[in-house]
Amino acid sequence: MQILWLFKMRLMSKIITDKEVRKLFEKHEVALITGSFDVLHLGHLRFFSQVKSQIKKNIKLLVIILSDQEIKRRKGSQRPIFTQNERAEALSYIEMIDYILEWKMNWEDLRDFVKEMKPHYLAVVSGDPGIENKREIIKSYGGKLIEVNKVDNFSSSDIIEKLGL
């Protein structure tokens with residue numbers, strides 16, 4: 001029982017606070033991914049894997065997940081399916097992700113946060129509707145955009161629609 005508790009504590013320590021994320025940026029090079037990750041699927045896992053394969057081992061992969069309110073605002077009143085805490089915990093079980101931050105503010109504030117923190121890498125999936133904005137932000141301070149081709153047609157929204165939710 002104690003081993004299971006220690007394992008869960010290790011995973012949950014991946015979920016960091018605003019204060020801890022600032023220390024992360026001070027001490028390490030960071031590759032950043034932002035998103036909803038409402039219904040976790042194979043497309044997400046392939047995306048994380050491709051990003052991780054394009055960065056050096058010492059670079060930390062940080063995933064910022066949008067708040068429930070922001071997802072509702074962007075995707076409709078029936079979303080998210082899973083709460084931000086549930087999504088963060090699910091992501092914490094993915095070994096290739098180093099840290100997770102539960103974003104509490106809106107998308108516009110996240111854009112300002114990225115400008116302030118200046119991650120070395122910002123990863124996106126091709127076809128991301130905000131890709132040009134993200135490209136402009138990352139290049140404004142000399143960072144690198146990692147654009148991963150969407151290999152398969154996985155989509156949380158499509159999965160939710162198929163399930164009739």
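A cavity is a set of grid points where a 1.4 Å probe fits but cannot get out. Keep that in mind as you work through this predicted model.

**Exercise 1. The cavity**

Find how many cavities of 30 Å³ or more the structure holds, and describe the lining of the largest cavity.

*Solution.* 
- Step 1: Start with the count, which is one cavity of 30 Å³ or more.
- Step 2: Turn to volume; the largest cavity contains about 100 Å³ of space.
- Step 3: List the residues around the largest cavity: T34, W107, L110, R111, V114, L122, N133, K134 and I137.
- Step 4: Look for the helices involved. Both α6 (107–117) and α7 (131–140) supply at least two lining residues, and α6 gives the most, with four.

**Exercise 2. Strand β3 and its partners**

Work out which strands pair with β3, and in which sense.

*Solution.* 
- Step 1: Locate β3 at residues 60–65, where five of the six residues are buried.
- Step 2: Take β2 (residues 30–35), which pairs with β3 in the parallel sense over six bridges. Here L32 has L62 of β3 as its bridge partner.
- Step 3: Follow the chain from β2 through helix α3 (residues 42–53) to β3; this β-α-β crossover is right-handed.
- Step 4: Now take β4 (residues 99–102), whose pairing with β3 is parallel over four bridges. In β4, Y99 is the bridge partner of L62.

Technical notes
Residues numbered from 1 in each chain as written. Predicted model: local features only at pLDDT ≥ 70, side-chain atom pairs only at ≥ 80, totals over all residues. Heavy atoms only, no water. 1 Å grid on protein atoms, 1.4 Å probe; cavity = no way out; pocket = protein on both sides within 12 Å on 5 of 7 lines; lining within 4 Å. Points joined across faces, edges and corners; volume = space filled by probe spheres on them. Buried < 20%, exposed > 50% of the residue type's maximum accessible area, 1.4 Å probe, protein only. Pairing = 2+ DSSP bridges. Right-handed = clockwise from strand over helix to strand, strands pointing away.
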